[in-house]
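Subject: Handing over a structure, with notes on what was found

Dear colleague,

I am passing a structure on to you, and my notes on its side chains follow below. Please read them with the structure open beside you.

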Amino acid sequence: MGEKKVLVFHPAIAPYRVDFFNELYDRLGAKIVFYYDMPRSQDFDKDLINSGLHFTPEHFALGGRVMGHNIYPGYSIRIEKEKPDIVICSEFDAGLISAIMYRKLAKKDYSIFTICDDSLEIAASCNGVRNLSRSFALQKIDGLILSNDKAATYYNEMYGSNSYVFPIIPSAKSFYRDKEEAVELAGQYIREYELTGRRVFLYVGRIAKEKNLEYMIDSFARDHVKHGENILFIIGDDLKETPGYRQRLEKRVEELEAGEYIRFLGRKEGLELKAWYYLGQCLVLPSYCERFGAVVGEALLAGERVLVSSSAGSAVLVKKSVLKGNGFEFDLNEESIDFDRIAYKVPVTEKDWKVKESRMFMDFDKLMDGLCEWLLCTHR
């Protein structure tokens, strides 16, 4: 097929997307242009992210948020300069619309794809002007890169969309690069927090209302009567938009007299976060609105089981096999999360603690092989 030039427009890079964009660069030589240097929803460690990149990204010089949308002038100028065969955009933003319009007006022949992290619930609930813009775009582009197979089925049935499903998971090779140091630190945490004889549950993510943390806290406290050995660590911090929300949750824990077994650790990144993943035995993601939930893939690679809300796109990573299952998907319509069934599958932390084997059944490299082949074969 020969070499194809690939141009990528994307808002910014989060830690859980580093492997994905590195591979687009390594395998396809993609030119990657970000709107801004950091995701605006969270204060990630910029130096830590940049140290893991295989490329030096470019950034738009002008632009910003206009009525909740990313508007960055210069898409067509960059397309004209790079003369790509393939343009990959983000969601259904101005970059995608510009790529569609410029291809038509300038009579170009490049293929257009967009990365969309919708869960089924989010895809199906889109309405109004947003739905009109999506309908327009989906009739013009060559394919969708989705993270969830249910969303892919929805877009195919509603719009006849051509799609490739690539869940948001890390590369195992990348994830395990600092495994020895992280496991050693995990051992220290087990001793420091006196976790021998305890069953360790984790929540990792933003401290935000849509994460449904009150529901998780109330459910865990209710179950603790039966499983006094269970302990829950909440890793994350307030959003800028909702300061004080963590304090509200801490007050709820205090009201439940659950402070001994529900603890807040604040924000963790890098090696510290990896250590908690390795020592944790079950990750809980209780969100009622969640495009995907990258933490689920990371937890599975570290050997944890998972309890995932059916509203999260990452429920696709839950394997329900009786013998080789890696966790459970739960329905938020239930009165509380059922910690009972996971407790019977997960032993408490032993004195001779050893790191667990991966419970991930998807392979990042194979998914990337398929994505690159699909992109090149779908080229106009």
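This is a predicted model: local features need pLDDT of at least 70, side-chain atom pairs count only at pLDDT 80 or more; totals for chains, interfaces and linings use all residues.

At 3% relative accessibility, phenylalanine 20 counts as buried, where buried means under 20% relative accessible area, exposed means over 50%, and partly exposed lies in between, with a 1.4 Å probe and protein chains only. Residues are numbered from 1 along each chain as its sequence is written, and side-chain values use heavy atoms, with hydrogens and water left out.

Aromatic rings

Rings of Phe, Tyr and Trp (for Trp, the six-membered ring) are taken as a pair if their centres lie within 6.5 Å, and planes under 30 degrees apart count as stacked, over 60 as edge-to-face and the rest as tilted. By this rule the count comes to 26 aromatic pairs. In one of them, the ring centres of phenylalanine 20 and phenylalanine 166 are 5.4 Å apart and the planes stand at 85°, so this pair is edge-to-face. The pair links distant parts of the chain, 146 residues apart, with phenylalanine 20 in helix α1 (residues 18-28) and phenylalanine 166 in the loop between β9 (163-165) and α8 (172-175); helices (H or I, at least four residues) and strands (E, at least two) are DSSP runs, numbered from the N terminus. Phenylalanine 166 is buried as well, with a relative accessible area of 2%.

Tyrosine 193 and tryptophan 276 form another edge-to-face pair, at 5.2 Å centre to centre and with 70° between the planes. This pair also links distant parts of the chain, 83 residues apart, since tyrosine 193 lies in the loop between α9 (179-192) and β10 (199-204) and tryptophan 276 in helix α12 (residues 270-279). Tyrosine 193 is partly exposed, at a relative accessible area of 21%, whereas tryptophan 276 is buried, at 1%. Phe20, Phe21, Phe34, Phe166 and Phe364 form one aromatic cluster.

Nonpolar cores

A nonpolar core is a set of buried Ala, Val, Leu, Ile, Met, Phe, Trp, Tyr and Cys residues joined through side-chain atoms within 4.5 Å. The largest has 100 residues, and those with the most contacts inside it are Leu307 and Leu371. Helix α15 (residues 364-377) gives the most to this core, with eight residues. Apart from it lies another core of 29 residues, including Tyr35, Val87, Ala99 and Ile100.

If contact means heavy atoms within 4.5 Å, and residues up to four places away in sequence are not counted, leucine 307 touches several residues, among them Phe201, Cys282, Phe328 and Ile342.

Cysteines

How many disulfides does a search of the whole structure find? The search finds zero, a disulfide being a pair of cysteine sulfur atoms within 2.5 Å. The sulfur of cysteine 89 is 12 Å from the closest cysteine sulfur, in cysteine 116, which is too far for a bond. For cysteine 116, the closest cysteine sulfur is that of cysteine 126, at 9.2 Å, again too far for a bond. Cysteine 89 is buried, with a relative accessible area of 0%, and cysteine 116 is buried with a relative accessible area of 0%.

With best wishes
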